[in-house]
Amino acid sequence: MIKMILTLALSLVVILNVNAANNVKNDKKIDAKCHIELYGGQQTIYFATVQGSHLSKLVKRLSNRSISTVFSQKKQKVYKVYECVKLSDKFSSIQGRKIFAKHPR
C-alpha cells in the first residue's frame, strides 16, 4: 500500500514538473513589428520585444502611448495601431509591407 502511494505521489510530481516546463517554453520573448500611425498622420513601423502570449495585446498597449521613433529626437504619440506580427512574419496589408520595405533597420 505504501509503495503504491509513493509511486502515485512521485508520478504526480513528475507530471507537474513537465507541465511547468512546457508553460515556460511557450512564454518566451519574441521580436515583433507593428504598423502604426503617429499623431500628424505619419505611418511607420515600431519594433518591440514582448512575451509570446502578449503579442495579441500589443495593439491595445501601444495606442495613445509615446514612443521613440527614427523621425524625431523626442518621443511621439501613437494615434492608431494597424497590425502587430512576429518579426519574421509579413504584414497582411500591402501598405504595411511597403512601409516595412522602406524602413531603416
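Reply:
**The close-up**

The side chains of E83 and S92 make a polar contact at 3.0 Å. A polar contact is a pair of N or O atoms within 3.5 Å; within protein, one must be able to donate a hydrogen and the other to accept it, and residues adjacent in sequence count only if both atoms are side-chain atoms. The model is predicted: local features need pLDDT of at least 70, side-chain atom pairs count only at pLDDT 80 or more, and totals for chains, interfaces and linings use all residues. Residues are numbered from 1 along each chain as its sequence is written, and side-chain values use heavy atoms, with hydrogens and water left out.

E83 sits in strand β4, residues 72–86. Helices (H or I, at least four residues) and strands (E, at least two) are DSSP runs numbered from the N terminus. E83 is buried, yet has no salt bridge. Buried means under 20% relative accessible area, exposed over 50%, and partly exposed in between, with a 1.4 Å probe and protein chains only. A salt bridge needs a side-chain nitrogen of Lys or Arg within 4 Å of a carboxyl oxygen of Asp or Glu. The nearest side chain of opposite charge is R97, 7.3 Å away. Here Lys and Arg count as positive and Asp and Glu as negative; His and the chain ends are not counted. Setting aside residues up to four places away in sequence, E83 touches K33, C34, H35, F91, S92 and S93. Contact means heavy atoms within 4.5 Å.

Y82 is partly exposed, at 33% relative accessibility. Its side chain makes a polar contact with that of Q43, at 3.5 Å. Beyond neighbours within four places, Y82 is in contact with H35, I36, E37 and Q43. Y82 and E37 are 45 residues apart along the chain, but their C-alpha atoms are separated by 7.7 Å.

Now the rings. The whole structure holds three aromatic pairs. Rings of Phe, Tyr and Trp (its six-membered ring) pair if their centres lie within 6.5 Å; planes under 30 degrees apart count as stacked, over 60 as edge-to-face and the rest as tilted. Y39 and Y79 pair edge-to-face, 5.2 Å centre to centre with 70 degrees between the planes. Y39 lies in the loop between β1 (29–38) and β2 (43–51) and Y79 in strand β4, so the pair ties together parts 40 residues apart in sequence. Both are partly exposed: Y39 has a relative accessible area of 47%, and Y79 has 45%.

F47 and F100 have ring centres 6.3 Å apart and planes at 55 degrees, so this pair is tilted. It links distant parts of the chain, with F47 in strand β2 and F100 in helix α3 (residues 94–102), 53 residues apart. F47 is partly exposed at 33% relative accessibility; F100 is buried at 18%. With F91, these two form one aromatic cluster. F91 is also among the residues E83 touches.

Finally, the whole chain. It has three helices and four strands, running α-β-β-α-β-β-α from the N terminus on. Of its 105 residues, 26% are buried. Among contacts between residues at least 6 apart in sequence, 55% join residues at least 24 apart.
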